[in-house]
Amino acid sequence: MTDDTTTETKAIDRYGVMGYPISHSRSPVIHRLFALQTGQDIQYELLQVSPEKLETAVRQFQRTGGKGLNITVPHKSEVARLVDQMSDRAATAGAVNTLAFNGGEIYGDNTDGIGLLRDLAVNLGISLKGANVLVLGAGGATRGIVGPLLEMQPASLIIANRSLSKAETLVEHFSRSGPVSACRFNDVPVSDSYDLIINATSAGLKGEAPPYPAAAISKSTFCYDLSYGLKPTPFSAWAREAGAAQSVMGWGMLVEQAAESFKLWRGVRPETRPVLKQMSISA
Ligand code: ATR
């Protein structure tokens, strides 16, 4: 005998990722794997939203019962204007990649920096304390990672950029947080060898190859590209060619930042290693 005469339907919590373009995004796959692993019942949508429709789309998602959003290129700075409250790390980065909708309020966080740090420290075993770090690029991606990198107490952090003024603006913003300086690609000091070089330019995404400073690479330099692809990115191929100790793409950061968003929304942090493996990507 069964007693299921009444069927109660519980709405599934809705999440999604907004960007422009968005079709390439792996976030739906990652969050579905997280949900499966942690036994959470969620729906995760891919939402292509052009810049002029961002506010309307966010508010509509919220109004129709959505619980949270990931925000990606090119909306991370703009969406910060829409939040009612934001985490300190999002305020420092001036950018938001995660929204949580709580009773009419919009909370904004930025999990990119912690995602990178976890990939470097936990997955790849790199210690940043006392390290010489070179970051290539001075756009939104760099802004999101410099604060967390400086918290790890590197000996130096140089931001090299095509246009010096943008790198200098970032240095001004972060100078109280640690030993950070700016230069052009051509002027990267090469007397010290770098322990870590991070590519945070968007050049590779556009199929462009800037004059990366090959002399900055020694055989003990670890190279990390925030971009990722199924084939080596231009930067990661270049770093390998230039003799880096290791050259890694940002798949691990992608999965780690997603895990931090998932934790904010669902209160549980998924295991990231099996997800990286299931995506057939080496960490
Ligand atoms: P954002 O909107 O986050 O600033 P972006 O404009 O795509 O993103 O640029 C990100 C970074 O990639 C910037 O540091 C940019 O250099 P500039 O500040 O000089 O514009 C860098 N970048 C993009 N394309 C590049 C290229 N072909 N060569 C060198 N740097 C490049």
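1. Phe34 and Phe262 are both buried (under 20% relative accessible area with a 1.4 Å probe, protein chains only; exposed is over 50%, partly exposed in between). This is a predicted model, where local features need pLDDT of at least 70, side-chain atom pairs count only at pLDDT 80 or more, and totals for chains, interfaces and linings use all residues. Residues are numbered from 1 along each chain as its sequence is written, and side-chain values use heavy atoms, leaving out hydrogens and water.

2. The structure holds nine aromatic pairs (Phe, Tyr or six-membered Trp rings with centres within 6.5 Å; planes under 30 degrees apart are stacked, over 60 edge-to-face, the rest tilted). One of them joins Phe34 and Phe262, edge-to-face, with 5.5 Å centre to centre and 70° between the planes. Phe34 lies in helix H1 (residues 27-38) and Phe262 in helix H8 (residues 251-266), 228 residues apart (helices, H or I, have at least four residues and strands, E, at least two; both are DSSP runs numbered from the N terminus).

3. A single aromatic cluster is formed by Phe185, Tyr212, Phe235 and Trp238.

4. The largest nonpolar core has 29 residues, of which Leu116, Leu120, Leu149, Ile159, Ile198 and Tyr224 touch the most other members (a core is a set of buried Ala, Val, Leu, Ile, Met, Phe, Trp, Tyr and Cys residues joined through side-chain atoms within 4.5 Å). Elements that each supply at least two residues of this core include helix H4 (112-123) and strand S10 (196-199).

5. A second, separate core of 21 residues includes Phe34, along with Ile30, Tyr44 and Val275.
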